[in-house]
Amino acid sequence: MTSIITSPPVTCDSTLEAMFADQRQAFAGNPMPPAAQRRQWLKSLREALLREQEALIAAIDSDFAGRSRDETLLAELMPSVQGLRHAERHLQRWMRPSRRRVGLAFQPASAKVQYQPLGVVGIIVPWNYPLFLAIGPLTCALAAGNRVMLKLSEATPATGLLLKALLERVFPSDLVSVVLGEVEVGQAFARLPFDHLLFTGATSIGRQVMLAAAHNLTPVTLELGGKSPAIVSADVPLDTAAERIAFGKTLNAGQTCVAPDYVLVPRERLDAFADAYQRAVHRLYPRIADNPDYSAIINPRQLDRLERLLADARAQGAQVRDLYPDEPRQGRRLPPHLVLEVNDSMQVMQDEIFGPLLPLVPYDHLDQALAYINQRPRPLALYYFGYDRGQQARVLRDTHSGGVCLNDTLLHVAQDDLPFGGVGPSGMGHYHGHEGFQTFSKAKGVLAKQRLNAARLIYPPYGKALQRLVYKLFIR
């Protein structure tokens, strides 16, 4: 196990600019790293994570003042390690140029798409999954052959220090460098002229990041959030739907960008679903206060925000059900709550909740549920519970979201061969797997000719009979 090594945070723009310049210079010296070198980068990172997993678990637990060990294993280490293995396994195929067709009018020639590293990539990491949301995009950027700078969250200082020390042992600073510091450091980081910038976090901050990147025309991938809905159908078994929704909502105490934010339930099933959800939560967590399986809210500010959401809902007439009413609170472990009889004026129905509070919204028919979703900003995830294939297809066709699970929650994010990303207010662009490799690569179109040049036949002067024949053949 590695001890946490203290390292001074970056404090000025000039330090960031020097780090960036070092990486830019290193990239110029090796602009197309071979597959073997990239695979070695990925393998070394994977082995380091496996060696230091106990230290990483302890650091994340320290930052949360109570993060479930198993949640760190399942939602941080496992997808990080599996994503690295997936990239190692498929990298050679991803790098292979893609042959493309050349039109008859332009023969003889060949065409291909060659995937070229972009250069220096910036990654801004949030606090809710401080390991996975650093390693996931780092994996894609390294697989694509780039140099990488990571800005870690100031809300997870122990994890930041440990991850910085770990990466400094694995990589030279001109290949991977880690930046620590407060909000002003993050703002300076976003202003650097990266070749690509990936940000994961709140929509409001995403707007600021995009604005900063626009000054340098830096392309961005924004992984934001929003209010991801779940729809319970009229005939799905309630215990099944409730258990799967409860797992997605209570993992990391709801501090997950793709957690179900509210549930649309047939009006006549509303009370039965609420009871089924409470039973499911109690099966998963027989107690909350001193349960090491249940994670705490990251800090007092976030806990206060969630308490204010509940107070606002109560003040406006919502029925708030604490699922553990007889348990004393311990630390920042906020018990799951159901919120019924909600309306759009309540803050809990306007902002992404990012905690274990679950509003229930009744609907009378599927058209009404889909209209409710489509009248609101497009979410990062959508969950539908029902076995009718026709209704499943209709939900997929008639809604927009970053990703979808049918009869489950969250787990689409863990699939290495599926792209992950938002749409509209929930983000832009995507990464993971092959799509992540493509995000951090330039798909460069290449047309190649050799000695013979049939195109001379259409050079000026115009008006020749052969040119008229070409127009006749190809403009129709």
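Mentor: The second largest cavity is lined by I288, A289, Y324, E327, P328, R329, Q330, R333 and P335. A cavity is a set of points on a 1 Å grid over the protein atoms alone where a 1.4 Å probe fits but cannot get out, and lining residues have an atom within 4 Å of a point. This is a predicted model, in which local features need pLDDT of at least 70, side-chain atom pairs need 80 or more, and totals for chains, interfaces and linings use all residues. Residues are numbered from 1 along each chain as its sequence is written, and side-chain values use heavy atoms, leaving out hydrogens and water.

Trainee: What volume does the second largest cavity have, and which classes of residue are in its lining?

Mentor: Its volume is about 40 Å³, meaning the space filled by probe spheres set on the points, which are joined across faces, edges and corners. The lining has five nonpolar residues, one polar and three charged. Ala, Val, Leu, Ile, Met, Phe, Trp, Tyr, Cys and Pro count as nonpolar, Asp, Glu, Lys and Arg as charged, and the others as polar.

Trainee: How many cavities of 30 Å³ or more does a search of the whole structure find?

Mentor: Four. The largest cavity holds about 170 Å³ of space. It is lined by 18 residues, of which G83, G136, D416, H432 and G433 are the closest to its centre. Helices α4 (69–95), α5 (132–143) and α14 (433–439) each give two or more residues to this lining. By class, the lining has 10 nonpolar, seven polar and one charged.

Trainee: Now the sheet. In which order do the seven strands stand?

Mentor: Strands of a sheet pair through backbone hydrogen bonds, either parallel or antiparallel. Here the order is β10-β11-β12-β9-β8-β13-β14, in an open sheet with mixed pairing. Strands (E, at least two residues) and helices (H or I, at least four) are DSSP runs, numbered from the N terminus, and two strands pair if DSSP finds at least two bridges between them. Strands β10 (319–322) and β14 (403–406) are the edges, each pairing on one side only. Strands β8 (229–232) and β9 (262–266) pair in the parallel sense over three bridges.

Trainee: Is D261 buried or exposed?

Mentor: D261 is buried, because its relative accessible area is 2% and buried means under 20% (1.4 Å probe, protein chains only). D261 lies in the loop between α9 and β9.

Key
Buried < 20%, exposed > 50% of the residue type's maximum accessible area, 1.4 Å probe, protein only. 1 Å grid on protein atoms, 1.4 Å probe; cavity = no way out; pocket = protein on both sides within 12 Å on 5 of 7 lines; lining within 4 Å.
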